[in-house]
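Hi everyone, thanks for coming along. Let me put the sequence and the structure up on the screen, and then we can walk through them together.

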Amino acid sequence: MALSARHQKTLEAVFMRPERSDIPWRDIESLFEALGAELSAGSGSRVRVALHGVRAVFHRPHPQRVTDKGAVRSVRRFLEAAGVRP
């Protein structure tokens, strides 16, 4: 799978340690789509993501647009479970 430079940069940011707290959520959603994930809106700020048979539910951050460290850890665990690594 070939990712654009922007998606590759987002993937690397998700896997950085210590976790970053400045990754825009829209970049993470865009990465999910580039990886071939299916996204669907849940109630409120929830978004359901399915990738390679792995499913997860995330909350879009609000009112800020960046993802906190806990959510970045959750995204990383989801991607690892789906077999995605930088």
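This is a predicted model: local features need pLDDT of at least 70, side-chain atom pairs count only at pLDDT 80 or more; totals for chains, interfaces and linings use all residues.

How are its strands ordered? The order is β2-β3-β4, three strands in an open sheet, and the pairing is antiparallel. At the edges sit β2, residues 38–41, and β4, residues 54–59, and each of these pairs on one side only. On average, neighbouring strands here are turned by 20 degrees against each other, ignoring direction. As a bit of background, strands in a sheet pair through backbone hydrogen bonds, and they can do that in a parallel or an antiparallel way.

Now look at β3, which covers residues 46–51: six bridges join this strand to β4, and the two run antiparallel.

Let's move to helix α1, residues 5–14. Which of its residues are buried? They are His7, Thr10, Leu11, Ala13 and Val14. Looking down the axis of α1, these buried residues fall within an arc of 160 degrees, so they line one face of the helix. Turned away from that buried side is a face with the exposed residues Ala5 and Lys9.

And what covers the buried residues of α1? The cover includes β1 (23–24), α2 (25–34) and, once again, α3.

How values were computed. Residues are numbered from 1 along each chain as its sequence is written. Side-chain values use heavy atoms; hydrogens and water are left out. Two strands pair if DSSP finds at least two bridges between them. Helices (H or I, at least four residues) and strands (E, at least two) are DSSP runs, numbered from the N terminus. Axes are lines fitted to C-alpha atoms, for helices over the stretch in contact, and angles run from 0 to 180 degrees between N-to-C directions. Buried means under 20% relative accessible area, exposed over 50%, partly exposed in between (1.4 Å probe, protein chains only). The arc is that of the directions from the helix axis to the C-beta atoms. Contact means heavy atoms within 4.5 Å.
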